[in-house]
Amino acid sequence: MLKVKDLAYFHKGDTGITEINFELQKGDHLAVIGESGCGKSTLIKSVYGFFDLQKGSVYWKDEEILGPAFNLVPGFRKFKHLSQEFDLMPFTTSEENIQKFLSRETPSQNKKRSDELIDLFDLEEVKHQKVKTLSGGQKQRVAIAQALANPPELILLDEPFSHIDQFLKHRLRRRLFQFLKKNKITCMFATHDAEDVLPFSDFTMILKDGKSIDFRPTFQVYNQPKNVYCASLFGDVNSLEASEFGLEGHQEKVLVYPHEIDIQENATYKGRIISSYFKGSHYLVEIDYKFTSIFATSKAEVYIGDEISFGLDKEKIMKRLN
Ligand SMILES: Nc1ncnc2c1ncn2[C@@H]1O[C@H](COP(=O)(O)OP(=O)(O)OP(=O)(O)O)[C@@H](O)[C@H]1O
């Protein structure tokens, strides 16, 4: 379906992306992650046909996606791209914006479709309000609804929830990705939030300095991280000496997530608490162990300076790595 081969695009000033290769099938969801400035937006725009590539190709089925040199209006017609800037019409209402790309020949169907999206994205209260008067989060929801009103074959989302508050984010995220799966819409989205990635993507690509350093099913990207950079995109991570913690078999250093280490009474390893952060269901704690810092979890509250012992679920860690 989507085939990206040896893609390279450099902005003026020589920053950009290179050596990008991947394929997606219909209905697949791909999360693109990486530190700020690594090239996520550039990749999303390149796939959309926003740039004239310096090298490589992008195909959707048998059609090559070409840049502005070949198209008056940049962007492949079967795709929708939702930029960080939204691109809405400010002086018309939310509802009119959502209906913008619908055919004028079927008004009752249009109404049904836009009502469904207004409901899906909690826009009932602002549907008659002009877009210029909406908050950032409301605009973002209108832009998502507009992009789906006439469902594309592939949707490209650039940080789709960046302006949406936590209160609505979880519900909207579930609804959006359910809608895309139900309608078999292929999706590629750039994000900084691990909570977008793990539950909602089939595949994950990790970018660093404009290159793809991992592209695998999300489950594997998380469970068998290639290095500290890759693992740390999902949160804190420890790089532990395998021999010190009985984790031999893979490499000298093993990447272990904090939830795999916990404070237990009379456990093997002894350390001292350096810091503790309340996380609701648990505490994330930093332990000084033989002058190195280890992130772990604790069910009970602990205090800075406490002498504690901690253990690792070695079997589970080794299973994850295999
Ligand atoms: N129009 C442009 N002209 C010149 N350089 C650009 C342009 N757009 C992006 N860049 C540069 O290209 C690199 C990649 O930028 P890009 O916006 O793709 O990164 P990103 O991973 O999406 O970043 P962020 O997470 O901060 O949104 C950066 O160094 C950026 O400064």
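Guide: Five of the six residues of strand S9 (residues 203–208) are buried, so S9 is largely enclosed by the rest of the structure.

Visitor: What counts as buried?

Guide: A residue is buried if 20 or more other C-beta atoms, placed from the backbone, lie within 10 Å of its own; 12 or fewer is exposed, and in between is partly exposed. Strands are DSSP runs of E, at least two residues, and helices are runs of H or I, at least four, numbered from the N terminus.

Visitor: What kind of model is this?

Guide: This is a predicted model: local features need pLDDT of at least 70, side-chain atom pairs count only at 80 or more, and totals for chains, interfaces and linings use all residues. Residues are numbered from 1 along each chain as its sequence is written.

Visitor: What is the mean pLDDT?

Guide: The mean for the protein is 93. pLDDT is the predictor's confidence in each residue, from 0 to 100.

Visitor: Back to S9. In which sense does strand S3 pair with S9?

Guide: Parallel, over four bridges. Pairing takes at least two DSSP bridges. Val32 has Met205 of S9 as its bridge partner.

Visitor: And how many bridges join S9 to S10?

Guide: Six, and these two strands run antiparallel. Ile206 stands opposite Asp214 in S10.

Visitor: New topic. How many residues surround the ligand?

Guide: 14. A residue is near a molecule if its C-beta atom, placed from the backbone, lies within 6 Å of it. Among the closest are His11 and Lys40.

Visitor: Which element gives the largest share of that shell?

Guide: Helix H1 (residues 40–48), with three residues.
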